[in-house]
Amino acid sequence: MGPSDEELVAAFQRGELSAFDTLVLRWDGKIRGAIYRILGSEEEARDLCQEAFLKAYRALPGFKGQARFSSWLYQIALNLCRDRMRRRRGRVFLSLDDPAGPEAYQRADPGPSTLELVESMDISRMVAGAVASLPEDQRVVIVLKEYQDLTFLEISEVLDVPLSTVKTRLYRGLTQLRESLERRGVRGPAPAPAPTA
Amino acid sequence: MSCELEPETLIEALYGEATAATQERVRQHLGTCAACRDEWQALGGLRHQLGAWKLPASPAPPRLGFATRAQLWRLAAAAALLLAFFAGLGLSGARVGYGPGGVTLSFDGREAELERLLQEQEQRHVQALAALEARLARPVPTPAATAPGPESASLTPVRLLIEESERRQARRFDLALADQRERLEVQRRYDLARISAGLSYLDGKNGQSMARTSELMGYLLQASDQR
């Protein structure tokens, strides 16, 4: 268990620049994954992730710890995503024709059978397409909850919206996703167990 | 959903973030309300499907079975490079060892020398940047003032405008330079951090692979002893 984010931020503010390297190592993958799932482009995810760390590096000396470092970093990354989407004028990069980029077709993993591979790639492609077709606010909440594993409270902090708004957006997004996937012929595989007492 | 259970509560329970009391309320409700039970199961199934969306994997390594002539040449070149590298290591007095902690590489006191060379390089880099900044910060010499005549009086406003424009440009240039310098520094740190992550990963992989090999060798030796 290494130093916490807050300890690293404090060390950086005292002038230990190497603390920033540890923060990059810790958060680079997560932030890049979130950007990739929101924008659908690996190249843009790499660029914007680096841009997010650049902004963080510049702003970190003035960071007062009003929010958690991770929430603050997600905020920076999401603002960059919003700018990029605005520049695309509402166009969504991900499409059903090429949702996961060419890399998805370069896998040569001998593990699963060809049929399993094709099926999983198919579902992955359809999920990617369905998520991409969601309105931005719902897509962001779903990515942060499902793939980044943030709590409702953390998402509300990152997006600066009330807790109830987060849950409503998530519910609407999931409902829309379900309909979208059903239209594409994908049905839920296993029913969820009822909550335990 | 058309009953008294609010969607937000269902969502909270679905993600396991509801309080124990709410969780219990939802559980009891699902036992009596078929519509909510269907909704619950559908959302659970959907979450399972969402898990199928993986991040793109890194490109697969080239397959040796179908190596073309050009690929074979490249492989040969890579092997030659590796040989040269290890020969260089040998000549430099480096020692490769294997112990409980994995593979180790030592340079017999050359680490300090390497460190010193890296620091020298860093210092040269910093000095060059400082010199460049100092040169840019130096004021541009202004031409000697001439006695004001009827012609120069009419040119004065133009000269002032030009000077102001030059000052503005110099300020803008300074800002751009500072921005670029900061950007380079972050880029450098970012790259170093990622390289270091890659090296740790490789180090771990090599260590694991060596451990597996030595374990296998141990089994083989045991088996041959028993015979």
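Helices (H or I, at least four residues) and strands (E, at least two) are taken here as DSSP runs, numbered from the N terminus. Read that way, chain B follows the pattern α-α-α-α-β-β-α-α along its sequence, which comes to six helices and two strands. Chain A has eight helices and zero strands, so its pattern from the N terminus on is simply α-α-α-α-α-α-α-α.

A quick note on ground rules. This is a predicted model, where local features need pLDDT of at least 70 and side-chain atom pairs count only at pLDDT 80 or more, while totals for chains, interfaces and linings use all residues. Residues are numbered from 1 along each chain as its sequence is written, and chains are lettered from A and ligands numbered from 1 in the order in which they are written.

**Burial and the core**

Call a residue buried if 20 or more other C-beta atoms lie within 10 Å of its own, exposed if 12 or fewer, and partly exposed in between, with C-beta atoms placed from the backbone. On that count, 35% of the 197 residues of chain A are buried; for chain B, buried residues make up 8% of 227.

Contacts tell their own story. Two residues are in contact if their C-beta atoms, placed from the backbone, lie within 7 Å. Taking contacts between residues at least 6 apart in sequence, 70% of those in chain A join residues at least 24 apart, and in chain B the figure is 47%.

A nonpolar core means a set of buried Ala, Val, Leu, Ile, Met, Phe, Trp, Tyr and Cys residues joined through C-beta atoms within 7 Å. The largest one has 64 residues, and A:Ile35, A:Ala52 and A:Ala77 have the most contacts inside it. Helix α2 (residues 18-39) of chain A gives the most to this core, with 11 residues. Leaving out residues up to four places away in sequence, A:Ala77 touches A:Ile31, A:Ala34, A:Ile35, A:Leu48 and A:Ala52.

Helix α3 (residues 42-59) of chain A buries several residues, among them A:Leu48, A:Ala52, A:Phe53 and A:Tyr57. This helix has 18 residues and reaches 26 Å from its first C-alpha to its last, close to the 26 Å expected at 1.5 Å a residue (the expected span is 1.5 Å times one less than the number of residues).

Axes are lines fitted to C-alpha atoms, for helices over the stretch in contact, and angles run from 0 to 180 degrees between N-to-C directions.

| Helix pair | Angle | Axis distance |
|---|---|---|
| α8 (163-183) of chain A with α1 (7-14) of chain B | about 85 degrees | 9 Å |
| α6 (136-147) of chain A with α8(A) | about 95 degrees | 8 Å |

Angles under 35 degrees count as roughly parallel, over 145 as roughly antiparallel, 65 to 115 as roughly perpendicular and the rest as oblique. So α8(A) and α1(B) are roughly perpendicular to each other. On the α8(A) side the contact uses A:Ser164, A:Lys167, A:Thr168, A:Leu170 and A:Tyr171, and on the α1(B) side B:Pro7, B:Glu8, B:Ile11 and B:Glu12.

The pair α6(A) and α8(A) is therefore roughly perpendicular as well. Here residues including A:Asp137, A:Val141 and A:Ile142 in α6(A) meet residues including A:Val166, A:Leu170 and A:Gln176 in α8(A).

**Two positive phi values**

Which non-glycine residue has phi near 60 degrees? That would be A:Asp149, placed in the loop between α6 and α7 (152-159) of chain A. With 10 C-beta neighbours inside 10 Å, A:Asp149 counts as exposed. A:Asp160 also has a positive phi, of about 55 degrees, although it is not a glycine. A:Asp160 is found in the loop between α7 and α8 of chain A, and A:Asp160 is exposed, with 10 other C-beta atoms within 10 Å. For background, most residues other than glycine have a negative phi.
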